[in-house]
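Hi,

Here is the structure I promised to pass on.

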Amino acid sequence: MQPGTPIPSSAATGAAAASVERLLRADPDLTPTDPGRQARFVVATIESLIHRFVGRVPEFDAADLEREIVTIVTRYLY
């Protein structure tokens, strides 16, 4: 994939990424180098982890997953 090439996404994922991108641009503590790309990565990470755990892991704990996703995304962005 060439630098700057958008990551393919569904309409819902694209809308979510657009919302996240707006949040990234509005956060004064962030200086994203490519907020569009970073937003798509954040949305893809969240979607992937949720789909991987929900329904596949019998001892799934939603609160634990939420905390771990927040940790991953926060560390990626900050």
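Glu21 is partly exposed, with a relative accessible area of 22%; that class lies between buried (under 20%) and exposed (over 50%), using a 1.4 Å probe and protein chains only. Its partner in a salt bridge is Arg25, with 2.8 Å between the closest N and O atoms. By salt bridge I mean a side-chain nitrogen of Lys or Arg within 4 Å of a carboxyl oxygen of Asp or Glu. Arg25 is exposed, at 56% relative accessible area. Both Glu21 and Arg25 belong to helix α1 (residues 11–26) and sit 4 residues apart, about one turn of the helix. Helices here are DSSP runs of H or I with at least four residues, numbered from the N terminus.

Before you read on: this is a predicted model, where local features need pLDDT of at least 70 and side-chain atom pairs count only at pLDDT 80 or more, while totals for chains, interfaces and linings use all residues. Residues are numbered from 1 along each chain as its sequence is written, and side-chain values use heavy atoms, leaving out hydrogens and water.

The salt bridge count comes to 3. Another one joins Asp34 and Arg37 at 3.8 Å, N to O; Asp34 is partly exposed at 27%, and Arg37 is partly exposed at 32%. Arg67 and Asp64 also pair, at 2.1 Å from N to O. These two lie in helix α3 (residues 62–77), 3 residues apart, with Arg67 partly exposed at 48% and Asp64 partly exposed at 36%.

Best wishes
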